[in-house]
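Here is a short report for a reader new to this structure. Look at the chain first, then read on.

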Amino acid sequence: MKAGKRLSVRMKVAEVGELTTRAARSKAKDILGKIANGVDPRAPARKAEGEAAAVDLLSIANPTLRVAWKRYRDGHMKNKGRSVGTINNYRDHVERLLADWLDEPLSKLGNDPSLVTVRHEKLTKENGAYIANGCMRTLRAVYNHASKVARTLPADNPVSAIDWNAEHRRNTALGLSDLEEWFTQLATLKNPIRRELHLFMLRQAIALKQSGRRGSNMSTFARVSFTYPGPRVAKSKPSTYRFRTP
């Protein structure tokens, strides 16, 4: 009874086949006895759920790297539709390169940025400059995401203390000496549309080089568009590339 109103609660004694008829009746009598004495038989379960919720709130307020990474992965990356490849790349940074930090609280790193600078230098020597930078970018993103909820974390991201390795864009342009091998590889493509697309782009590049002007200023060129789905981001909109042909 609650405030003069009768409250009906249904409880399952056991799954079919788990107990004999005699045992099921005995358990049901025990439940009815608790109810008669004013004891809610569901109370222990509710208490356990409450305790679990309290533990979860505590782990969010002062998260370890493991908890912060899980929340960033599930609450940010998956919700934003990041590709499986991108998520796996971040996972490799956290779960392999920073594996010994997984159960360390982020506040430890925030209060002692030297730990992060030393790790960046170590990764640079053992794994290379690009991987070291990429790992630190992942850590920076995870920390920033966690700090939105965990206000006790130091405001300054510890990754800001590192000296980033220089990164240079790779030069993958073809030279005249590479064209013979390029045509050989082009001939092996089975899809005729892809072959013609590559030839078209080569002719376009040559035309632009000979004109000495940007394609956008060449009024004698006609527009041609190619559309294909974005390869890096799941659920992404198709990307359209526009060219001009003579």
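Asp-100 and Arg-119 pair through their side chains in a salt bridge, with 2.7 Å from N to O. This is a predicted model. Asp-100 sits in the loop between H4 and H5, and Arg-119 sits in helix H6 (residues 114–127), so the bridge ties together parts 19 residues apart in sequence. Arg-119 has a relative accessible area of 11%. Buried means under 20%, so Arg-119 counts as buried.

How many salt bridges does a search of the whole structure find? The search finds nine. Side chains of opposite charge can pair when their charged atoms come close.

| Salt bridge | N to O distance |
|---|---|
| Asp-100 and Arg-119 | 2.7 Å |
| Asp-103 and Arg-66 | 2.9 Å |
| Glu-104 and Lys-108 | 3.3 Å |

Take the bridge between Asp-103 and Arg-66, at 2.9 Å from N to O. This pair links distant parts of the chain, 37 residues apart. Asp-103 belongs to the loop between helix H4 (84–97) and helix H5 (106–111). Arg-66 belongs to helix H3 (residues 65–77). Is Asp-103 buried or exposed? Its relative accessible area is 56%. Exposed means over 50%, so Asp-103 counts as exposed. Arg-66 has 40% relative accessibility and is partly exposed.

Next come Glu-104 and Lys-108, whose side chains meet in a salt bridge at 3.3 Å, N to O. Glu-104 is partly exposed, at 26% relative accessible area. Lys-108 is also partly exposed, with 39% relative accessibility. Elsewhere, salt bridges with shared partners join Lys-70, Arg-73, Asp-74 and Lys-78 into one network.

Now for the chain as a whole. The protein chain holds nine helices and two strands. Which order do these elements follow from the N terminus on? They run α-α-α-α-α-α-α-α-α-β-β.

The protein chain has 246 residues, and 23% of them count as buried. It exposes about 18,200 Å². Carbon and sulfur atoms supply 53% of that area. Contacts complete the picture. Among those between residues at least 6 apart in sequence, 51% join residues at least 24 apart.

Technical notes
Residues are numbered from 1 along each chain as its sequence is written. This is a predicted model: local features need pLDDT of at least 70, side-chain atom pairs count only at pLDDT 80 or more; totals for chains, interfaces and linings use all residues. Side-chain values use heavy atoms; hydrogens and water are left out. A salt bridge is a side-chain nitrogen of Lys or Arg within 4 Å of a carboxyl oxygen of Asp or Glu. Helices (H or I, at least four residues) and strands (E, at least two) are DSSP runs, numbered from the N terminus. Buried means under 20% relative accessible area, exposed over 50%, partly exposed in between (1.4 Å probe, protein chains only). Contact means heavy atoms within 4.5 Å. Accessible areas come from the Shrake-Rupley method with a 1.4 Å probe; for residues, only the protein chains shown count as cover.
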